[in-house]
Amino acid sequence: MTMYASQYADINGDGEPEEIYVNLYEPQPGYEDSQIHVYVNGKDTACYTGTQSWFDSASLMKTEDGDFYLYIDVSEIDSVDRIFVFSFSGGGAIHEGEYQGGLEGFITDPGRFKVFSHLDVLGTHSGYKYYHVGNDGLPEPDDKTYTIVRYQYGDEPEPCLTSKVPVAVWFVGRDGRVEEEPQELPAGTRFYFCRTDNRSYVEMELEDGRRCQVRVDLSSWPRTVNGMEENECFDGIMYAG
């Protein structure tokens with residue numbers, strides 16, 4: 001759903017479809033807030049975002065239980081995305097809450113969709129988990145870890161780090177099992193990002209296809225890897241902002 005584009009659904013079960021459309025009043029000079037308006041048969045419910053926001057998309061979804069939810073995806077300053085969730089009752093929309101993250105376009109399956117998050121671990125990255133619509137209407141994750149978005153830049157995949165010193169890692173088997181004892185990889189090893197819990201480790205792929213965990217401590221700044229400052233361990237770490 002785009003702004004001003006109407007969508008029709010029988011959200012109250014009376015056998016007649018209601019007209020639903022969205023408008024987001026973007027911030028004007030001198031104003032800090034944006035306004036989200038959800039119109040149901042001409043009646044609107046306003047939600048103030050409390051920050052400067054720009055409309056990305058809106059998805060109207062029906063769950064297996066027959067409940068309708070509207071997810072409105074907005075972009076905020078500093079590349080932060082937020083999902084505003086509305087339910088429907090009494091002929092109008094009700095703001096249920098917000099979830100930090102961004103959608104991959106329009107949701108076609110309320111039982112499985114991606115939410116993208118801003119990650120800051122060994123650099124700034126975009127990562128996603130799969131979600132479903134939870135009992136409270138908000139996105140509920142199916143995954144424990146984020147898949148880090150990789151892209152092709154030049155001749156090799158990015159993002160990539162190169163170790164400056166020998167680095168202890170924990171290898172991950174094809175079954176996902178993590179070895180109990182670490183092994184040391186030499187300086188000059190190239191690490192390609194795969195997954196992370198965004199708290200304690202990053203799962204990396206090596207040039208030979210093996211995967212391993214690089215364990216990190218994010219509790220202080222600068223961050224550390226095996227007790228050493230991260231920039232002393234790796235070349236290629238870049239943070240946004």
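## Aromatic rings and strand residues in a predicted model

At a relative accessibility of 16%, Tyr 128 is classed as buried, where buried means under 20% relative accessible area, exposed means over 50%, and partly exposed lies in between (1.4 Å probe, protein chains only). This is a predicted model, in which local features need pLDDT of at least 70 and side-chain atom pairs count only at pLDDT 80 or more, while totals for chains, interfaces and linings use all residues. Residues are numbered from 1 along each chain as its sequence is written, and side-chain values use heavy atoms, with hydrogens and water left out.

**Aromatic rings**

A pair of aromatic rings is described by the distance of the centres and the angle of the planes. Rings of Phe, Tyr and Trp (its six-membered ring) pair if their centres lie within 6.5 Å; planes under 30 degrees apart count as stacked, over 60 as edge-to-face and the rest as tilted. The structure contains seven aromatic pairs. One of them joins Tyr 128 and Tyr 130 in an edge-to-face arrangement, with 5.9 Å from centre to centre and 85° between the planes. Tyr 130 has a relative accessible area of 22% and is therefore partly exposed. Together with Phe 116, Tyr 128 and Tyr 130 make up one aromatic cluster.

Two lysines are placed over tyrosine rings: Lys 114 over the face of Tyr 128, and Lys 129 over the face of Tyr 146. A charge sits over a ring if NZ of Lys or CZ of Arg is within 6 Å of the ring centre and within 35 degrees of the ring normal. The distances from the ring centre are 4.3 Å for Lys 114 and 4.4 Å for Lys 129.

Helices (H or I, at least four residues) and strands (E, at least two) are DSSP runs, numbered from the N terminus. The protein has one helix and 24 strands.

| Residue | Strand | Residues of the strand |
|---|---|---|
| Val 80 | strand 7 | residues 80–89 |
| Ser 117 | strand 10 | residues 113–120 |
| Tyr 201 | strand 20 | residues 201–205 |

Val 80 counts as partly exposed because its relative accessibility is 23%. Contact means heavy atoms within 4.5 Å. Apart from neighbours within four places in sequence, Val 80 is in contact with Val 74, Ser 75 and Gln 100. Val 80 and Gln 100 are 20 residues apart in sequence, and their C-alpha atoms are 7.7 Å apart in space.

Gln 100 is also touched by Ser 117, whose other contacts are His 125, Ser 126, Gly 127 and Tyr 146, not counting residues up to four places away in sequence. Ser 117 has a relative accessible area of 14% and is therefore buried.

Which residues does Tyr 201 touch, not counting residues up to four places away in sequence? They are Thr 145, Thr 196, Gln 213, Val 214, Arg 215 and Val 216. Tyr 201 is buried because its relative accessibility is 14%. From Tyr 201 to Gln 213 the separation is twelve residues in sequence and 6.1 Å in space, C-alpha to C-alpha.

**The protein as a whole**

Of the 241 residues in the protein, 44% are buried. Along the principal axes, the C-alpha atoms fill a box of roughly 65 × 45 × 35 Å. Among contacts with a separation of 6 or more, 39% are between residues 24 or more positions apart.
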